[in-house]
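Me: I've got a model open and I want to know where the labels on it come from. Can we go through them one at a time?

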Amino acid sequence: KANYEYQGKVINVRCDDAMIANGTIVKREVVEHPGGVGIALEDEDGKYFMVRQFRYGQMEVMLEFPAGKREKGEDKFITAQREIVEETGYEGYDWKYLGYIAPTPAYDEEKIFMYYAKKGKYVGQHFDDDENIALCKYSIDELVDMIMKQEITDAKTVAMTFMVKEMKNNESKY
C-alpha cells in the first residue's frame, strides 16, 4: 500500500517500505511523475530549435531542447508530436527515437523519452497558460560548446546533444 506524503498536479511523493539486498527493510521516498519527452528539431540549415525559459525549481533562465510532460496514458510519440508544435509551431517529420534517460533514478520514477525530427510545416505555436518561452536556434557544435562552458546544464539537453551529434557523425550506423 502506497503511503502518500504529497499528491499534486504534476507529481506525487510516496514513502515505501523497501527491502534491500541484505533483507533489511528501509524507507524510500519516491517521486511519481508521468514522464516526458524532449525533441531535437533540426531545420534545413542544420540548426536546432531551442527554448529559453525561466525554470522555477532552479530559479534561473535555462536553454533547453523543446520538451514536455506526458499526459496520463498518452503514448510518448504522441506527446513528442504535440509538444514540438506547441513550443516551436512546426510539425516534425523523419522522426527518430533516441531512447530515454532517467534524470534522477535514486528517488524519481520519471523517464524522459528523446526524439530527433526534421522541421516540417509551420502550423503555429500553442503555449500552455504558464509558459513564457523564447525560441532560438543553434548548431550542434554551438550546443556542445555551451554545454562545456556550463551555459547549458539541463540534463535532457546535455544527453540529447551528444546523442544527436553521435547519430549525425555516424548516420550509417544508426
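This is a predicted model: local features need pLDDT of at least 70, side-chain atom pairs count only at pLDDT 80 or more; totals for chains, interfaces and linings use all residues.

Me: How do you know that the length of helix 1 agrees with its number of residues?
Reply: Helix 1 covers residues 76–88, which is 13 residues, and at 1.5 Å a residue it should span 18 Å. The expected span takes one less than the number of residues. The end C-alpha atoms of helix 1 are 18 Å apart, so the two agree.

Me: What caps the N-terminal end of helix 1?
Reply: That's Asp75, with a side-chain oxygen 2.9 Å from the backbone nitrogen of Phe77.

Me: Which residues of helix 1 are buried, and what do they pack against?
Reply: Thr79, Ala80, Glu83, Ile84, Val85, Glu86, Glu87 and Thr88 are the buried ones. They pack against several strands, including strand 4 (36–42), strand 5 (47–55) and strand 8 (90–101).

Me: What makes the phi of Asp94 worth a look?
Reply: Most residues other than glycine have a negative phi. Asp94 is not a glycine, yet its phi is positive, about 55°. Asp94 lies in strand 8.

Me: Why is Asp94 called partly exposed?
Reply: Its relative accessible area is 35%. Buried needs under 20% and exposed over 50%, so Asp94 at 35% falls in between.

Me: Where is Gln150, and is it buried or exposed?
Reply: Gln150 sits in the loop between helix 2 (140–148) and helix 3 (155–169). With a relative accessible area of 60%, over the 50% cut-off, Gln150 is exposed. Its phi is positive too, near 65°.

Me: Which residues have the most contacts inside the largest nonpolar core?
Reply: Tyr48, Met50, Leu63, Phe65, Tyr138, Leu143 and Val164, in a core of 20 residues. Helix 2 gives the most to this core, with four residues. Leu63 touches, among others, Met50, Cys136, Tyr138 and Met146.

Me: Why is the pair of Tyr48 and Phe65 called edge-to-face?
Reply: The ring centres of Tyr48 and Phe65 are 6.3 Å apart, and the planes meet at 85°. Pairing needs centres within 6.5 Å, and edge-to-face needs planes over 60 degrees apart, so the pair of Tyr48 and Phe65 qualifies. Tyr48 is in strand 5 and Phe65 is in the loop between strand 6 (60–64) and strand 7, 17 residues apart.

Me: How do you know that Tyr48 and Phe65 are buried?
Reply: Buried means under 20%. Tyr48 has a relative accessible area of 2%, and Phe65 is at 0%, so both names go on the buried list.

Me: What makes the pair of Tyr100 and Phe113 tilted?
Reply: Tyr100 and Phe113 are 5.7 Å centre to centre, with 50° between the planes. Under 30 degrees would be stacked and over 60 edge-to-face, so 50° leaves tilted for Tyr100 and Phe113. Tyr100 counts as partly exposed at 43% relative accessibility, whereas Phe113 counts as buried at 10%.

Me: How do you know that Lys76 sits over the ring of Tyr97?
Reply: The charged end of Lys76 is 5.5 Å from the ring centre of Tyr97, and the distance cut-off is 6 Å. Lys76 also lies over the face of Phe113, at 5.3 Å from the ring centre.

Notes. Residues are numbered from 1 along each chain as its sequence is written. Side-chain values use heavy atoms; hydrogens and water are left out. Helices (H or I, at least four residues) and strands (E, at least two) are DSSP runs, numbered from the N terminus. Buried means under 20% relative accessible area, exposed over 50%, partly exposed in between (1.4 Å probe, protein chains only). Contact means heavy atoms within 4.5 Å. A polar contact is a pair of N or O atoms within 3.5 Å; within protein, one must be able to donate a hydrogen and the other to accept it, and residues adjacent in sequence count only if both atoms are side-chain atoms. A nonpolar core is a set of buried Ala, Val, Leu, Ile, Met, Phe, Trp, Tyr and Cys residues joined through side-chain atoms within 4.5 Å. Rings of Phe, Tyr and Trp (its six-membered ring) pair if their centres lie within 6.5 Å; planes under 30 degrees apart count as stacked, over 60 as edge-to-face and the rest as tilted. A charge sits over a ring if NZ of Lys or CZ of Arg is within 6 Å of the ring centre and within 35 degrees of the ring normal. Lists of a residue's contacts leave out its neighbours within four places in sequence.
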